[in-house]
Amino acid sequence: MVKKRPSSGQVRIISGQWRSRKLPIHDLEGLRPTTDRVRETLFNWIANDVRGSRVLDCFAGSGALSLESLSRYASYAKIFELQAQAAKQLIANLATLKCDNADVIKGDSLALLANKPSEGFDLVFIDPPFRKSLAEKSISLIDQHQWLNHDALIYVETESEISLLNVPASWALLKEKKAGQVIYRLYQYSAEAVIEELNGTSRDTEETN
C-alpha cells in the first residue's frame with residue numbers, strides 16, 4: 001500500500017523585499033496559516049515597528065508571520081515549530097529566500113519558552129493551534145522568563161470564543177479585531193509598568209510592616 005503524502009499549499013508574502021513570493025507549506029494537522037486579510041491588517045498596525053526588530057514566532061506553522069517580518073527588514077527571527085515536516089519546510093523556504101538572519105528551532109514551544117533568552121525580543125507572535133489552551137500558558141512563560149524588550153509588541157491570535165485573555169498588567173491592549181472564527185489582539189509591553197508595580201508592592205509591604 002502506498003502511503004499517502006500530505007497535500008501541500010502555499011503561503012504568499014504580502015510586502016517587502018520578497019513581495020508576492022509564494023512558498024510551499026505542508027497541509028498538516030493544526031497548521032492554520034494566518035489569512036492574508038488578517039496578516040495585512042496586523043502589518044498595517046505594526047508597519048513602523050518591524051524594520052530592525054528582533055522577532056520571536058512562538059508557533060510558526062507555515063512561518064507566514066515571521067517570513068513577512070523578515071521580508072519587511074526585521075533584523076532577526078527566532079522561529080519555534082513542533083512538527084518536524086513544518087520545521088523542515090521553513091528551513092527550506094528560508095534557504096530559497098537566501099535568508100540567513102533567522103533560526104528555526106524544532107521543539108515544544110512551552111518547553112522552549114520556559115528558559116530565559118540571552119537577548120530579548122521586540123516583536124512576538126503567539127498564534128498557537130486552537131483549543132489546546134496554549135495562548136495563556138505562552139503569555140505566562142514569556143512574562144515570567146523575560147522574553148520581551150521594553151515597548152515590545154505582542155500579537156496574539158486565538159479562537160473567537162476566547163473573549164477575554166489573562167495577560168500581565170504590564171501588557172497594554174492596543175488593537176483588537178474579530179474575523180470569522182478568529183480574534184486577534186495586539187499588546188505592548190512596558191518595563192516601566194513592571195517597575196511601578198514592584199514599587200507599589202514594596203510600598204504596600206512597608207505600610208503593612
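How many bridges join β7 to strand β9, and in which sense do the two run? Seven bridges join them, and β7 and β9 (residues 182-189) run antiparallel; two strands are taken to pair if DSSP finds at least two bridges between them. Thr158 stands opposite Ile183 in β9.

The structure is a predicted model, in which local features need pLDDT of at least 70 and side-chain atom pairs count only at pLDDT 80 or more, while totals for chains, interfaces and linings use all residues. Residues are numbered from 1 along each chain as its sequence is written, and side-chain values use heavy atoms, with hydrogens and water left out. The mean pLDDT of the protein chain is 88, with 85% of its residues reaching 70 or more, where pLDDT is the predictor's confidence in each residue, from 0 to 100. Over residues 1-7, however, pLDDT stays under 50, and the model has six contacts beyond four places in sequence for this stretch; a contact means heavy atoms within 4.5 Å.

The secondary structure of the protein chain comes to six helices and nine strands, where helices (H or I, at least four residues) and strands (E, at least two) are DSSP runs numbered from the N terminus. Of the 209 residues, 47% count as buried, a class that means under 20% relative accessible area, as against exposed at over 50% and partly exposed in between (1.4 Å probe, protein chains only). Among contacts in the protein chain with a separation of 6 or more, 65% come from residues 24 or more positions apart.

Strand β7 (residues 148-159) is mostly covered, with nine of its twelve residues buried. Besides its pairing with β9, β7 pairs with strand β6 (residues 121-126) in the parallel sense over five bridges, and here Val124 stands opposite Ile154 in β7. Between β6 and β7 the chain passes through helix α5 (residues 135-144), and this β-α-β crossover is right-handed, a term that applies if, with the strands pointing away from the viewer, the path from the first strand over the helix to the second runs clockwise. In the loop between β7 and β8 (171-179) lies Ser160, which is buried because its relative accessible area is 15%. Leaving aside residues up to four places away in sequence, Ser160 touches Lys178, Gly180, Gln181, Val182 and Ile183.

A parallel pairing is also found between β4 and β5, which are joined by five bridges, and the bridge partner of Phe80 in β5 is Ile105. The chain crosses from β4 through α3 to β5, and this β-α-β crossover is right-handed.

Helix α3 (residues 84-96) has 13 residues and reaches 18 Å from its first C-alpha to its last, close to the 18 Å expected at 1.5 Å a residue, the expected span being 1.5 Å times one less than the number of residues in the helix. Its buried residues are Ala86, Ala87, Gln89, Leu90, Asn93 and Leu94. Just after α3, Lys98 takes a positive phi of about 55 degrees, and in the loop between α3 and β5 is Asp100, which counts as exposed because its relative accessibility is 73%. Asp100 and Ala77 are 23 residues apart in sequence, and their C-alpha atoms are 9.8 Å apart in space.

Just after α2, Tyr73 takes a positive phi of about 75 degrees.

Gln10 has its place in strand β1 (residues 8-12) and is exposed because its relative accessible area is 56%. Even so, Gln10 touches Lys22, Leu23, Pro24 and Ile25, not counting residues up to four places away in sequence. The C-alpha atoms of Gln10 and Ile25 are separated by 5.3 Å, although the two residues are 15 residues apart along the chain.
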